[in-house]
Every structure is written in structure tokens, then in C-alpha cells.
Amino acid sequence: MTKPMLFEPLQLRSLEVRHRGWVSPMCQYSCDADNAPGVPNDWHLVHLGSLATGGAALIVAEATAVSPVGRISPRDTGLWNDAQIEGWRRITDFVHAQDNGAKIAVQIAHAGRKASTYPPFAEEGGYVPPERGGWQTLGPTDAAFGNDAAPVAMAEEDINGVIRDFASAAARAVAAGFDALEIHGAHGYLLSSFLSPLVNTRSDAWGGSDEGRMRLPLAVIDAVRREMPDGMPLLMRISATDWHDVEGDLLRSIEFIQRAQERGVDLVDVSSGGNSRQAPIRPGPGYQTELASRIRAAVDIPVGTVGMITDGRQAELILRTGQADGVFIGRAALADPRWWQRAAHQLGYDLPWVPPYQWPQPQNAY
Ligand SMILES: Cc1cc2nc3c(=O)[nH]c(=O)nc-3n(C[C@H](O)[C@H](O)[C@H](O)COP(=O)(O)O)c2cc1C
């Protein structure tokens, strides 16, 4: 059989990504919030390490906060201090010690008005009040997300502080040995909320028009890119639409990605939603792929797609029909950290680089 497209390499600047099956960033809510806030630990090593040994080509580590107030929950990972660099270094070293060429990126993030919440599996749910270890959140305006606490509308100095925090986190990510960075511009978190006309109703230079709403995310891209070596790729995750005005949002997203590409973004990771609790969204297999495909037709950088891609044949079809350049696997990879090996088997292809984890074949019976 000819080599599946899923297993073709992709070059991003000086990074060769061994194939087109990647791991989508997924919060683990597993830091010790009291004794080592934001520091990745054994849980993260086993979680990310199993994906690296399982055959993923590029693993994007979870939304990692650029500052303590940028955490979604008190148990998120961070990159705002040097102890966190050491924690991450242990993980990047493990990934690079494998001889299968696995690469690892980190998603740097600020949760904005959706910060200071309990992990989804916690009994309490919702906003963590200050007396339980929560904090005052920040947003484009003081409008809350659903029943979360109201954020403080960010002043100019808060905005400049966030840009500096993204730059420092990028420098720490480079020091921690990551192969690439992803900026989190999706799901209603800070940068996504600034991009969204539903949320960003500011009338100053950081809102008021498409131009104004793009200003903070573009400034973050510039600041982050300055801290990165030239050969290191920068990925940007966006919510292509909030599902209320799909066509209008897609035009805005395309305009944004064209600008982002001029400023040194190398791949767009197309997700959706997160700014509105009432989004009329109907998830199903590959439900965001059409968004990726529409964006791919209008931009000059590779496009990743994500969302209920669970099967190797489904991934191969997406790539063969030119809807995207790569697939990010989320929950299916949590359920099966060796998803890539299963996908190869489904496509009749032997992954050469995952021994001793070989798919059982009668001819290599033990
Ligand atoms: C446990 C969990 C944590 C997640 N954390 C993040 C995150 O940190 N950053 C992000 O951009 N998306 C996050 N997501 C969304 C996933 O990256 C992915 O876009 C989504 O789950 C859809 O893909 P899937 O159907 O393959 O799981 C998370 C999803 C899950 C299930």
C-alpha cells in the first residue's frame, strides 16, 4: 500500500514533524495548587510521555498560563517562574530521548474572564471565590461569562502587562526545551474574547472595529515571536466562529490569520466556540473540519483541524480531500495514547518507529 498521507512529514521552519497526526492541547488540572502552583509533575510526565512513546508526531501540551491570574483553574500548569521551567524540562527531555522523533510544543494561554474556575470534574463547579484560592479575573469589559464572576475591564496597563507576560512565558518555553509554541487564541479565553465582537464591545483602540479587536492578539504574536529562535515554529489556535454568525466570523478569522501569517505564525489550529454559552453548536464527527477547509482555501500557511476525529480512515480522508494539513487528536488520544499505531493498522501501514509497541501480527507471534 502507498504510504498514507497521515504519515507524511511536514516541515515547519527548521522543525521536521514526522507525520500529520498531532495531539491537541488538553488541560490536566493536575498541578499541586498549594505547594507547587503551575509546576508540571509526574502526572504530566506520564500523560505526555505516553503520547510520545505511542507514536504522536507533535504533542501540544495543555493551556499553560502566562501568569497566575491567567489560569483556568488553580491546578493549571504555568510558565511564569523558573521552577516551572525545570518541571517542563524533565518532560521535554523525556520526549526527545525517544528515538521515534516525537516533538513537543506548549500552548501558552491567558484565561481572561473564564479564569479562576474549578476543574470540570470537581464537585463544586463554576467560579472559585478568593477565600477558596480563586482570584479577580480580567476581561475586555466587565461582562461575565455565564454565571462566572464579573471580570475587571482591562485598562491599558493591564493589556500591556499581558503582552509582557506572553513574551516572558515564550522565553521560558524556549528555555524549557520545547520544539514549538502555540498561542491560545480560542475558546473564549482572553485573546479569543478580544477577537470576538460578541464580547469585545470596547470603544477604545483595543476594540471598536475588526482592526481594534485584532490588536491585542497581533501584539502578542509580535512579542512572542521576538523571544523565539528563527527556526522555531509558532502555531496559533483560534475559534473560527462562535456559531452565531458563521460567515461573518469566517471572514474575520481569515483576515486575522492573514495578518498573523505576515507576523510569523506558521500554522493555524482551527477550533471554534467558547465565547457564548448559547452557541447553537452541534458537535458530531469532524464537525469543525469544514471551518478548517474554508480557512485553508484562503491562507498560505498549513492548517490543522480538530474535533471528534477518532479513526485513522477519517483522518486520512480529511487529509486526502485537502481539508487540512494535519489532524489534532484530543479525547481519542486520552482514551488510547497509542492511537497512531491503531490508525496505522487501520490504514494497512506499519509504523516503523514505535517498537516494542507493535500491532500484533500472526507472523511475529511470541
Ligand atoms: C480534558 C480536556 C482538556 C482540554 N484542554 C484544552 C486546552 O488546554 N487547550 C485547548 O485549546 N483546548 C483544550 N481542549 C479541547 C481539545 O484540545 C479539543 O479541541 C477538543 O477536545 C475537540 O477534539 P476531540 O473531539 O478530538 O477531543 C480540551 C479538551 C478536553 C477533553
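## Helix packing and ligand shell

Helix α1 passes helix α2 in a right-handed crossing, the near helix being turned clockwise from the far one by less than a right angle. Helices (H or I, at least four residues) and strands (E, at least two) are DSSP runs, numbered from the N terminus. This is a predicted model, in which local features need pLDDT of at least 70, side-chain atom pairs count only at pLDDT 80 or more, and totals for chains, interfaces and linings use all residues. Residues are numbered from 1 along each chain as its sequence is written.

On the α1 side the contact is made by His44, Leu45, Leu48, Gly49 and Ala52, and on the α2 side by Arg90, Ile91, Phe94 and Val95. Contact here puts C-beta atoms, placed from the backbone, within 7 Å.

The table gives the two helix pairs; axes are lines fitted to C-alpha atoms over the stretch in contact, and angles run from 0 to 180 degrees between N-to-C directions.

| Pair | Angle | Axis distance |
|---|---|---|
| α1 (residues 42-54), α2 (residues 82-97) | about 20° | 10 Å |
| α8 (residues 312-320), α10 (residues 339-346) | about 75° | 8 Å |

Gly312, Arg313 and Ala315 of α8 meet Arg342, Ala343, Ala344 and Gln346 of α10.

Around the ligand there are 20 residues, the closest being Ser24, Met26, Ala63, Gly330 and Arg331; a residue counts if its C-beta atom, placed from the backbone, lies within 6 Å. Two or more residues of this shell come from each of β4 (58-65) and α9 (331-335).

Terms used: Contact = placed C-beta atoms within 7 Å.
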